[in-house]
Amino acid sequence: MRVLALLTAALVALAPRAWAHSALPDLGSASDTELSPQMERRLGESIVRDMRRDPQFIDDPEVSEYLGSLGARLTEVMTGARQDFEFFGVRDASINAFALPGGFVGVHTGLLNAADSESELASVLAHEIGHVTQRHIARMLGQQKQMQIPVLAALAAAILLGRSRPDLAAGASAAAQAGAVSAQLAYSRDFERDADRVGLQALAAAGYDPRAMAAFFEKMQRSQRVSDDGTLPGYLRTHPVTTERIADAQNKVAGLPYKQHLDSPEFHLVRAKLRSEAGDAQDTVAYFERSVREGRYANEAAARYGLVSALLRARRAPAAEAEMTRLRATGVSGPMLDTLEARVRQALNDQAGAEKLLAQARARYPYSRSLLYAHVGALQDASRHDQAIGALNEAVRASPGDPRLRALQSRSYAALGKRLLQHQAQGEYYALQGSLPAAIEQLQLARSAGDGDFYQLSVVDARLKELRGQYSAESKR
Ligand SMILES: [Zn+2]
């Protein structure tokens, strides 16, 4: 009954607003019992598109970059792992992580806080990635192919996200349809064992401490006992932790030599960043001031990072500058410290200093995406849009699938009064978000902008034709 209630709530929450205007195909009538990887990806994209509108979705490139690098270490050593996993944070205090169809993995802030080491966090992610690489989700959903994508996506979200949305009620026409199949849509004991097995292998191969998996399971089981009011933490609802699972995880590592894994600075910095952005600004300043004063922290640099970030939120720029000096004195370095220091400079109205600092940091860390975004933002704030466009065009060539780059491009073109290019970039942004009607509208605006040359207009025309074809094919299916 709880599953049904959860499903109903989630369907109500997700189905009507998310897909009312997006023409998505149903799943066709292929005869195999698995979803195709393409269909899985589409399904995952449609769920993530909806989640992005949720204020709980953490649209923070530094958080995503950190989770992505942790995830990449694991997928690199897993056979059958696709290259295009995407990781993102969700502001939710419950201890949970979830894999969506198509390799999208969400991580709750509750999990980030509950993990006592990076290896513990990695053990949960490795398990989730295991569900994807072992095609568990494709197999679970493959039996429901006759359902239309919106219903299926709502169903998948309800099961995989492991959280209900009681805040939204009424009008669930699809609930009965979904309820009928809900029993088949849970990770089975076999799937859990399988995900643990490949997760544990990846953990060890990627250099994390494989003992962390059993340790974290035990911690979860303890929390299961404590909250005995019928509300299980999300993760336990979707991946029940049993004594058997704990024993399995312990036995498999019993013979391995002890291997210490040192947490990366970013593990601590990301947690401090998220902590510094939650709750009342003054309270948060007080919290980090106390940690720093009393030395009550797991990592000094992270505590000081949290204090600088909280002081910026409280609009106390001079205090943030002083604390930034103490943070630098810890000897910890990295892109996250550079972007923080740039934010301090910006708060002190030193735009030129911020830009210079970020330009130097980008030379040190050329692959950091969050540094690139920050640097482009600083160039835009200084009205140096030609330079921003230069950096963006180069980045788009390297990563054409990054929607944030297109949005930034559009902003600079708009400031420069280049209307065709502005709408073209905005159109590509929508196309990458999977919103074809909005993309087509922008390209039409680009065509009628009146400031394009013959070559630019033919590029827009060709792209418009392509997108219209794609849209009509999807509407017909
Ligand atoms: Zn699981």
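# Chatting through a predicted model

Trainee: Is Ala202 buried or exposed in this one?
Mentor: Ala202 is buried, with a relative accessible area of 1%. Keep in mind that we are looking at a predicted model.

Trainee: Which helix does Ala202 lie in?
Mentor: Ala202 lies in helix H9, residues 189-205.

Trainee: And what does Ala202 touch, leaving out residues up to four places away in sequence?
Mentor: Ala202 touches Leu74, Val77 and Met78. Thr79 is worth a look too: 123 residues separate Ala202 and Thr79 in sequence, yet their C-alpha atoms are 9.3 Å apart in space.

Trainee: Okay, zooming out. How many helices and strands does the protein have?
Mentor: The protein has 24 helices and four strands. It has 477 residues, and 52% of them count as buried. If you take the contacts between residues at least 6 apart in sequence, 69% join residues at least 24 apart.

Trainee: What order do the four strands of the sheet come in?
Mentor: The order is S1-S2-S4-S3, in an open sheet with mixed pairing. Strand S1 (57-58) and strand S3 (97-100) are the edge strands, as each pairs on one side only.

Trainee: In which sense do S2 and S4 pair?
Mentor: Strand S2 (residues 86-90) and strand S4 (residues 104-108) pair in the parallel sense, over five bridges. Val90 stands opposite His108 in S4.

Trainee: What about S3 and S4, parallel or antiparallel?
Mentor: S3 and S4 run antiparallel, joined by four bridges. Ala97 has Val107 in S4 as its bridge partner. The two strands form a hairpin with three residues between them, and Gly102 in the turn has a positive phi of about 85 degrees.

Trainee: How many of the residues of S4 are buried?
Mentor: Five of the five residues of S4 are buried, so S4 is largely enclosed by the rest of the structure.

Trainee: Which way do the S4 residues point?
Mentor: Phe104, Gly106 and His108 point one way from S4, while Val105 and Val107 point the other way, and all are buried. In a regular strand the side chains alternate between the two faces of the sheet.

Trainee: Which strands does helix H3 lie across?
Mentor: Helix H3 (residues 61-76) lies across S1, S2 and S4, and runs at about 130 degrees to S2. Helix H5 (residues 118-133) also packs on the sheet, where it touches S2, S3 and S4. The direction of H5 makes about 25 degrees with that of S3.

Trainee: Switching to aromatics. How many aromatic pairs are there?
Mentor: The count comes to five aromatic pairs. One of them is Phe85 with Phe87, which is stacked, at 6.1 Å centre to centre and 20 degrees between the planes. Phe85 and Phe87 are both buried.

Trainee: Why does the pair of Tyr287 and Phe288 count as edge-to-face?
Mentor: The ring centres of Tyr287 and Phe288 are 5.0 Å apart and their planes are at 85 degrees, so the pair is edge-to-face. Planes over 60 degrees apart count as edge-to-face. Tyr287 counts as partly exposed, at 32% relative accessibility, whereas Phe288 is buried, with a relative accessible area of 4%.

Trainee: Which residues form an aromatic cluster?
Mentor: Phe57, Phe88 and Phe98 form one aromatic cluster.

Trainee: Last topic, helix H16. How many residues has H16, and what does it reach from first C-alpha to last?
Mentor: H16 (residues 317-329) has 13 residues and reaches 19 Å, close to the 18 Å expected at 1.5 Å a residue.

Trainee: Which residues in H16 are buried?
Mentor: Ala317, Ala320, Glu323, Met324 and Leu327 are buried in H16. They cover an arc of only 115 degrees around the axis, which puts them on the same side of H16. An α-helix has 3.6 residues a turn, so residues three or four places apart point the same way.

Trainee: And on the other side of H16, which ones are exposed?
Mentor: Pro318, Thr325 and Ala329 are exposed there.

Trainee: What do the buried residues of H16 pack against?
Mentor: They pack against helix H15 (300-313) and helix H17 (335-347). H16 is followed by Gly331, whose phi is positive, near 90 degrees.

How values were computed:
Residues are numbered from 1 along each chain as its sequence is written. This is a predicted model: local features need pLDDT of at least 70, side-chain atom pairs count only at pLDDT 80 or more; totals for chains, interfaces and linings use all residues. Side-chain values use heavy atoms; hydrogens and water are left out. The expected span of a helix is 1.5 Å times one less than its number of residues. Buried means under 20% relative accessible area, exposed over 50%, partly exposed in between (1.4 Å probe, protein chains only). The arc is that of the directions from the helix axis to the C-beta atoms. Contact means heavy atoms within 4.5 Å. Two strands pair if DSSP finds at least two bridges between them. Axes are lines fitted to C-alpha atoms, for helices over the stretch in contact, and angles run from 0 to 180 degrees between N-to-C directions. Rings of Phe, Tyr and Trp (its six-membered ring) pair if their centres lie within 6.5 Å; planes under 30 degrees apart count as stacked, over 60 as edge-to-face and the rest as tilted.
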